[in-house]
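Subject: Structure for you to look at

Hello,

Here is the structure I promised, with my notes below it. Please open it next to the text and follow along.

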Amino acid sequence: MNIPAWNSTYLEPTLAFALVTIGFSVYHFVSISDKVKAKYTAKHGSERGNTKFLWMTRYLGATTIGIIPAIVLLIITGKGLEDYGFAFKNHTTSLAWIGGLACIIIPMNFFNSKKEKNLAFYPNVREKEWTKKMVFTNALTWVSYLFGYELMFRGLLLFATVPLLGEWPAIILNAAIYALVHVPKNLEETIGAIPLGVVLCLITLTTGTIWVAFFVHITLALSNFFFSLKHHPEMKVI
């Protein structure tokens, strides 16, 4: 049996996938850990403990799946942040994409957020009474998590694989993994993640920046959060 030959061009994508796999595994298993959650509920009570635990996992995810892998990859490869789309460029095109997709996403979420199926899961924080500070903190944790999320998907994984695979194979691989991480949620989100993943990858490669995908994802998450909170019959802001 012949051992496959190693090529230096394999280093970057291999590191990207290895680091993201480790980071995502840490995030996932902490987020489903009953022992870790029990520490929060013991300290803060059942309801508030669950809330603080969820917020903690979002910050953890931003760190382990995006920030730490990016730092390690930059140090080892010697590349800069702009090589992974962490740059503000093509402003007019980027703003047009953000504005155009927001015009689709916001009305869509407004109507979808009223559905019983959506309200059974969103907002993820299930407290009945929300202070303005809680609303702000929940939004901030979403923004933090999605920063690491997009840095991972449309940044590290996409830009690290394009030189080796080519643009379309890298896009399809990225969208496939993106869909797979939605499997634990539900079938609708998993199916919807496929076209969204392809579109966000295309936009990222054509604009050269992850910021469009980041702001589109924020629009998607936060509009759903705000509308779900507004429409939930058992929740209110005090």
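N90 sits in the loop between α3 and α4 (91-112). Helices here are DSSP runs of H or I with at least four residues, strands are runs of E with at least two, and both are numbered from the N terminus. N90 has a positive phi of about 45°, although it is not a glycine. N90 is partly exposed, with a relative accessible area of 40%. On that scale, buried means under 20% relative accessible area, exposed means over 50%, and partly exposed lies in between (1.4 Å probe, protein chains only).

P123 is in the loop between α5 (116-119) and β1 (129-130). For background, most residues other than glycine have a negative phi, and most peptide bonds are trans.

Before you go further, two notes on the source. This is a predicted model: local features need pLDDT of at least 70, side-chain atom pairs count only at pLDDT 80 or more, and totals for chains, interfaces and linings use all residues. Residues are numbered from 1 along each chain as its sequence is written, and side-chain values use heavy atoms, with hydrogens and water left out.

Overall fold

The chain has nine helices and two strands. From the N terminus, the order is α-α-α-α-α-β-α-α-α-α-β. The radius of gyration is 19 Å, close to the 18 Å that the globule rule gives for 238 residues, so the chain is as compact as a globular protein of that length. That radius is taken over C-alpha atoms, and the rule is 2.2 Å times the number of residues to the power 0.38. The C-alpha atoms fill a box of roughly 60 × 45 × 30 Å along the principal axes.

Of the 238 residues, 45% count as buried. The accessible surface comes to about 12700 Å², and 69% of it belongs to carbon and sulfur atoms. Areas come from the Shrake-Rupley method with a 1.4 Å probe; for residues, only the protein chains shown count as cover. Among contacts with a separation of 6 or more, 80% are between residues 24 or more positions apart. Contact means heavy atoms within 4.5 Å.

Salt bridges

How many salt bridges does the count come to? Four, where a salt bridge is a side-chain nitrogen of Lys or Arg within 4 Å of a carboxyl oxygen of Asp or Glu.

E12 and K79 meet at 3.0 Å, N to O. This pair links distant parts of the chain: E12 is in helix α1, K79 is in the loop between α3 and α4, and they are 67 residues apart. E12 counts as buried at 10% relative accessibility. K79 is partly exposed at 32%.

R48 pairs with E127, with the closest N and O atoms 2.7 Å apart. R48 lies in helix α3 and E127 in the loop between α5 and β1, so the bridge ties together parts that are 79 residues apart in sequence. R48 is partly exposed at 33%, whereas E127 is buried at 3%.

K117 pairs with E188, with the closest N and O atoms 3.4 Å apart. K117 is in helix α5 and E188 in helix α8, so this pair ties together parts that are 71 residues apart. Both K117 and E188 are exposed.

T209

T209 is in the loop between α8 (187-207) and α9 (211-231). T209 is buried, at 2% relative accessibility. A polar atom of its side chain lies 2.6 Å from the backbone oxygen of A87 and one lies 3.4 Å from the backbone oxygen of G85. Leaving out residues up to four places away in sequence, T209 touches G85, A87, K89, S94 and T204.

Surface patch

A nonpolar patch with about 910 Å² of accessible area includes W6, Y10 and L11 among its residues. Patch residues have over 30% relative accessible area and no salt bridge; like charges are joined within 9 Å, and nonpolar side chains (Val, Leu, Ile, Met, Phe, Trp, Tyr) within 5 Å. Helices α3 (46-77) and α6 (132-165) each supply at least two residues. The most come from α3, with four.

Best wishes

Definitions and conventions
A polar contact is a pair of N or O atoms within 3.5 Å; within protein, one must be able to donate a hydrogen and the other to accept it, and residues adjacent in sequence count only if both atoms are side-chain atoms.
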